[in-house]
Structures are given as C-alpha cells and as structure tokens.
Amino acid sequence: MDEPLIDASHLKAYFPVKKGMFSSTKDYVKAVDDVSIQIRKGETFGLVGESGCGKTTLGRVLIHLLPPTSGTLVFMGSNLSEISKHELRMLRPHMQIVFQDPSSSLNPRMTIKQILSEPLRINKRYKGEAVTTKVLDLLKTVGLDKQHLYRFPHEFSGGQKQRIGVARALALNPDFIVLDEPTSSLDVSVQAQILNLLKDLQKQFNLTYLFITHDLSVIKFISDRVAVMYAGKIVEYANTVDLFRDPLHPYTKALLAAIPIPDPRLRSKHIPLKGEVPSLITPPAGCRFHPRCPVATEACAKIEPHMKEIYKDHFVSCF
C-alpha cells in the first residue's frame with residue numbers, strides 16, 4: 001500500500017473569466033491552486049471540504065478529464081503532461097470516475113446493456129457474445145442481474161442507477177477510480193449498501209479510490225487517509241484515525257465539530273465560523289481561511305503558510 005499510484009506536485013487548475021465585447025480574459029477562477037498529494041496503490045484517499053472548494057475539479061484533473069494549468073501529475077509512472085495522446089489513451093482504461101448524479105451521467109436513450117457495452121466496444125476488449133457475457137458479469141458484480149439488461153435508466157431507483165455507474169467504471173478493469181460524492185443523492189440506507197459494495201469491490205479487484213464528499217461520517221467509514229480542502233488548497237491531510245482523533249487545522253476542527261451526534265443528551269463543541277466561503281477568483285491574501293478563523297493572527301493575513309509535517313504522516317498548512 002506504500003507504492004504511490006498517483007504523485008501530484010504543485011497542481012493548478014485555473015479557468016478564465018471573460019468579459020466585454022471581445023471576451024477578453026479579465027481574471028481566473030483558481031479552482032485548484034498549488035496542490036501536492038500522493039495516493040498509494042490499494043488505498044481509499046478521502047477528499048473533504050465545503051461545496052465549491054475545488055474537490056470535484058481536483059478529482060477530474062487527477063484522471064486528466066481536465067488538463068492542469070500547471071504542475072506535475074504522474075500516474076502509474078507516466079507523467080500525463082508529457083506523454084502523447086496515444087499513450088494517454090492507452091492509460092485511460094486504468095482510470096475511471098463515478099459521478100455524483102447517476103441520473104445525469106447515464107444516457108436516457110440507451111439500455112443498460114448498451115451503456116455497459118459501449119466502453120467494451122470502443123476499447124475493442126470483447127466481441128460478439130463475449131460482450132453480453134461481460135455485461136452480465138458486471139451486473140452480477142454490483143448486485144443486479146440479466147432482467148435489468150434491456151431497461152432504460154429512468155426505470156431504476158437512485159441506488160440502482162449508482163450501481164450501474166459503478167459497473168460502468170469497472171468495465172475496463174481500472175486501477176484507480178474517482179468517486180465523486182457517489183452517495184450524496186441517496187437515502188441513508190441505500191448509502192450504506194453502496195459504501196459496503198465499494199469496499200467489497202476494492203478488496204476483490206485491488207482498486208485505489210479517491211473518495212470525494214462533504215460528509216465526514218462517510219469519510220471516517222471508508223477512507224484510509226483524508227485530505228481537507230478549502231478554497232482550492234489542501235489545508236491538512238493525515239491517516240483517518242489521526243485526523244479524527246487530533247485535528248490540527250482550525251477548519252478541520254470546525255468541520256468535525258459540525259458532525260451531528262445521534263444522541264440528544266450529548267452535544268459537540270460548536271466552533272463558530274464567521275463570514276462566507278471566499279471567492280476563488282479573488283481569494284484572500286495569506287492563509288485563505290484567516291477571514292473566518294477564530295484564532296487568526298496578523299501573520300495569517302499576510303503570509304501564506306506552507307504544508308509541514310507535525311506528526312508522522314500528519315501534515316497541516318497553518319501557523
């Protein structure tokens with residue numbers, strides 16, 4: 001589990017903001033701004049933060065659905081910024097994604113057989129009856145069967161649609177899957193089924209996951225390591241047990257304190273956060289969290305803190 005499958009260094013993903021009659025670029029949305037992480041083979045790496053902090057963008061950059069503006073991204077030993085289009089296409093089957101909304105990620109005009117057959121045919125992995133056999137194997141793997149082959153997406157529940165999304169991601173035997181909030185739109189009981197399915201599949205196929213969510217309870221259940229993201233930057237990452245036991249960054253502490261406790265006799269210590277999430281076009285100088293931080297100092301507003309290791313494998317970007 002120590003071998004890095006993905007090694008990202010100083011990644012940036014900027015999107016131009018165009019204005020005026022000639023659509024000239026006036027500024028940039030800094031969705032991912034100088035992020036460096038390593039994801040080890042066989043682990044589940046959790047990525048958590050508020051909506052709009054850049055989690056989904058980072059996930060898409062890591063599988064090169066969105067090319068980074070700058071930085072280095074090494075996947076399975078290959079620098080994705082330097083390889084040819086043909087070499088990148090050869091790597092594509094090894095990296096897949098399960099999208100947040102299964103209803104919008106499945107073609108409503110295609111049957112489930114057509115949806116799951118498409119990647120097999122495009123990559124010329126199977127022909128003829130072998131395609132149908134593989135599709136049936138995929139359905140069985142995610143808890144569905146042959147009676148679902150000729151149905152359309154609208155005939156399934158939310159949980160079943162997400163199972164189909166997982167089956168599609170598994171079709172080409174990938175090494176790495178980005179799970180972009182795969183349970184956020186599902187009922188709690190269905191969430192548990194999908195999470196248990198993902199854990200079973202990881203053991204069965206030796207998969208590596210990037211699990212993106214804003215739900216820390218889910219992160220605690222499924223992740224080996226966790227990174228906390230705020231306004232385009234990683235502010236803390238550590239082993240899941242260490243992060244929940246001893247959070248170091250004020251933002252992490254606030255997120256953990258906001259987790260509901262299912263016992264009316266117990267109350268967590270609420271940490272008030274003032275202000276709003278900053279704009280990714282004009283983020284604050286210094287530490288991006290300082291306008292909302294209850295323990296900010298003058299230095300926080302002027303100097304950007306660098307990531308440092310406080311304990312073994314526990315990193316934080318804070319003074």
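**Group meeting: cores, sheet and helices of a predicted model**

Let me start with the core. The largest nonpolar core has 54 residues, and L170, I177, L198 and F211 touch the most other members. By nonpolar core I mean a set of buried Ala, Val, Leu, Ile, Met, Phe, Trp, Tyr and Cys residues joined through side-chain atoms within 4.5 Å. Buried is under 20% relative accessible area, exposed is over 50%, and partly exposed lies in between, with a 1.4 Å probe and protein chains only. Helix 7, residues 188-205, gives this core its largest share, 6 residues. Helices (H or I, at least four residues) and strands (E, at least two) are DSSP runs, numbered from the N terminus.

What does L198 touch, leaving out residues up to four places away in sequence? V166, L179, P182, Y209, F211 and I222. Contact here means heavy atoms within 4.5 Å. Another core lies apart from the largest one. That core has 32 residues, among them L5, L11, C53 and I234.

Now the ground rules. This is a predicted model, with local features needing pLDDT of at least 70 and side-chain atom pairs counting only at pLDDT 80 or more, while totals for chains, interfaces and linings use all residues. Residues are numbered from 1 along each chain as its sequence is written, and side-chain values use heavy atoms, with hydrogens and water left out.

Next, the whole protein. It has 11 helices and 12 strands. Its radius of gyration is 21 Å, close to the 20 Å that the globule rule gives for 319 residues, so it is as compact as a globular protein of that length. That radius is taken over C-alpha atoms, and the rule is 2.2 Å times the number of residues to the power 0.38. Buried residues make up 48% of the 319. Take contacts between residues at least 6 apart in sequence: 64% join residues at least 24 apart.

Four strands form an open sheet, order 2-1-4-5, with antiparallel pairing. Strands pair if DSSP finds at least two bridges between them. Strand 2 (24-40) and strand 5 (78-79) are the edges, each pairing on one side only. Strand 1, residues 4-19, is joined to strand 2 by 13 bridges. A13 stands opposite V32 in strand 2. Helix 1, residues 55-62, lies across strand 1, strand 2 and strand 4 (70-75), at about 120° to strand 1. Axes are lines fitted to C-alpha atoms, for helices over the stretch in contact, and angles run from 0 to 180 degrees between N-to-C directions.

Helix 6 next. Is helix 6 largely enclosed or open? Of its 13 residues, 10 are buried, so it is largely enclosed by the rest of the structure. The buried ones include K161, Q162 and R163. Among the elements covering them are strand 6 (95-98), helix 3 (102-105), strand 7 (176-180) and helix 7.

Helix 4 is another case. Its buried residues, including I112, K113 and L116, pack against helix 5 and helix 6. Just after helix 4, K124 takes a positive phi of about 55°.

Last, L243. It sits in helix 9, residues 240-245. L243 is buried, at a relative accessible area of 0%. Beyond its neighbours within four places in sequence, L243 contacts V226, V228, E236, A238, T252, L256 and H314. From L243 to S105 is 33 Å, C-alpha to C-alpha, and 138 residues in sequence.
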